[in-house]
Structures are given as C-alpha cells and as structure tokens.
Amino acid sequence: SYSFCTLLENVIIRMPPKKKRADEEELNRSLCQSGAPVFYWEASHAWSIGKVKEDTGKVFVVEGTEYSATKVDSLETSKVADDKIWPVREDVLEEDCHDLLDLTVLHDATIQRCLYLRYMKDIVYTNIGAIVVALNPWNFKIPWYMDDYMPRYLEEGETIKENKPHSWAQAHNTFWELRRDQTNQCILISGESGAGKTEAAKIVMKYLGALSCLSGTDTEKGAAKQVAFNINQASPILEGFGNAKTVRNDNSSRFGKFMKVQFTEQGFLVGAFT
C-alpha cells in the first residue's frame, strides 16, 4: 500500500477583515496621545513608524520617522484614521521571534516589523504556529539555506525543534506525520506572483527525496534519489506550458499546480502524479 503527500501550489486563500472591538478602539486612542510613537498605515510603505502630532478626535496627524518596510521614499506627515494606527511598545520594538505567535504584541504592524528585521538579517523563514512564512530573498547564497545545511534537519527526530524555520522543516514534519499516522498529508504553498512558490515546491520535493533515503539498502536509496531527481527535472517542462514574463518575474507560473507524491509503507519515495 502507498501513502501520499500532496503539494498544492499557487492557491490563494482570502480571509474576511477582522472587526475591531469597542474596547480595542478605546485603548488604541488612549495610548496614541500627542508625542507618542505609533505604527500607522502609510499607503506606499504599509505599516510604518511615526510620532503623533495631533489627535483631532476624528483622525490622528502622524509625522513619519525612521522606519518603513519598503524604504521607497521619505515618510511624510499623514492624517490617519483610528483603525490605521497602533501604539508602539519601544521595549519590544526590536523583538525577533522564530514563531510570530511568540510576539509580545501580536498585531499586523508588529508582525510586519518582525518579518522586516529578520529579512534584513537574511532570515527569510518565520513560523506562525504550524505555518511557515517565506519571503523571497532573491539570493541563493545565504549560508544557512544552502544544501550543506540540510543534514542538520535530516538528523532531527520526528519534529524539527532545534533548527531555524524552513521549507525543509515543513517537509520534515509532514513526512513523519505521514509515517506515524499512516494518513495522507497535504502541503499548501500559497502566495502572490513572484513570491517564490515554484522554488518552495522544488525545495520541499528535494528534501522529501533526501529524507526518504535515510534508511534501506543502497538499491532502495538510489531508486528514491532517482525518483526525486526525475520529479524536479520535470518542473521546467511543466513550466513551459504555462509560465510567462511579468513585471515581477521573468518566469512566473500562470496556473495552479497539484502534485501527489507517493511513498511506500517504509517511507521510500516511489513516484508522483502531477
């Protein structure tokens, strides 16, 4: 019998906006008095940091200061509605967590700030519980994401605990859930155009191939490695049927992808459907 790990790529899930509670709105306004540092939504820069100059009772007048996630242009003074502002806690402004659920203040602005700080340190993977957020580094030479680091993940037990968040960790945990529970598993890869979904799928597939070769005879290991290699080699052929050049990416997938990866009861990779 066989177990399957399904990879779904280029699927977008949209969640309805969360409504603010009255007590959140009151707390927000009381902590955003004149002179207070705040996160505020800036059209060109997303969540930025500024200082309140005035609270008119209807909107906040905020002067942009040193930080934005984009650095496109200088921040300017803006009028901001109360649902587009959030107080800054300066004692945790530089907080850097492997899991965003560990942030002291959990808000869109603090999440963006944490991701920005990590990205500037060349740490592009961050967990949100069982989900991993991956930011395209446009750099294939970051040392701790090179294949030389893969054995450190392969050596861990059924759950990655010691190593940094990574697509390898997602593949690792999913594989061992497949083996332990004897139940088919699914990895969903979603994101906007140019985010790196196709590359992420290749990374996951390569790791699953390596993981399935940890035990068994040399013949079994060699067969599993060959199957993983063949699957990744097929990717450019599939891309040739539906990829196109866009303003963000010279080789952007214009279609969703579905891949069903097949394993034996012993965990050897034996094939895939796509």
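1. A quick definition to start: a polar contact here is a pair of N or O atoms within 3.5 Å, where within protein one atom must be able to donate a hydrogen and the other to accept it, and residues adjacent in sequence count only if both atoms are side-chain atoms. By that rule, the side chains of Thr126 and Arg118 are joined by a polar contact of 2.8 Å.

2. Some ground rules, before going on. This is a predicted model, in which local features need pLDDT of at least 70 and side-chain atom pairs count only at pLDDT 80 or more, while totals for chains, interfaces and linings use all residues. Residues are numbered from 1 along each chain as its sequence is written, and side-chain values use heavy atoms, with hydrogens and water left out.

3. Back to Thr126, which sits in strand 7 (residues 125-128); strands (E, at least two residues) and helices (H or I, at least four) are DSSP runs numbered from the N terminus. Is Thr126 buried or exposed? Thr126 counts as buried because its relative accessibility is 1%, with buried meaning under 20% relative accessible area, exposed over 50% and partly exposed in between (1.4 Å probe, protein chains only). Leaving aside residues up to four places away in sequence, Thr126 touches Cys97, His98, Leu100, Leu115, Arg118, Ile131, Val132, Val133 and Pro165; contact means heavy atoms within 4.5 Å.

4. The largest nonpolar core has 27 residues, and Met205, Tyr207, Leu208, Phe263 and Leu269 have the most contacts inside it. Such a core is a set of buried Ala, Val, Leu, Ile, Met, Phe, Trp, Tyr and Cys residues joined through side-chain atoms within 4.5 Å. Elements that each supply at least two residues of this core include helix 4 (167-181), helix 6 (218-242) and strand 12 (257-264). Helix 5 gives the largest share, seven residues. A second, separate core of nine residues includes Cys32, Val52, Val62 and Val80.

5. Two backbone angles are worth a look. Most residues other than glycine have a negative phi. Asp122, not a glycine, has a positive phi of about 65°; Asp122 lies in the loop between helix 2 and strand 7 and is partly exposed, with a relative accessible area of 34%. Trp138 also has a positive phi, near 50°. Its place is the loop between strand 8 (131-134) and helix 3, and Trp138 is exposed at a relative accessible area of 58%.
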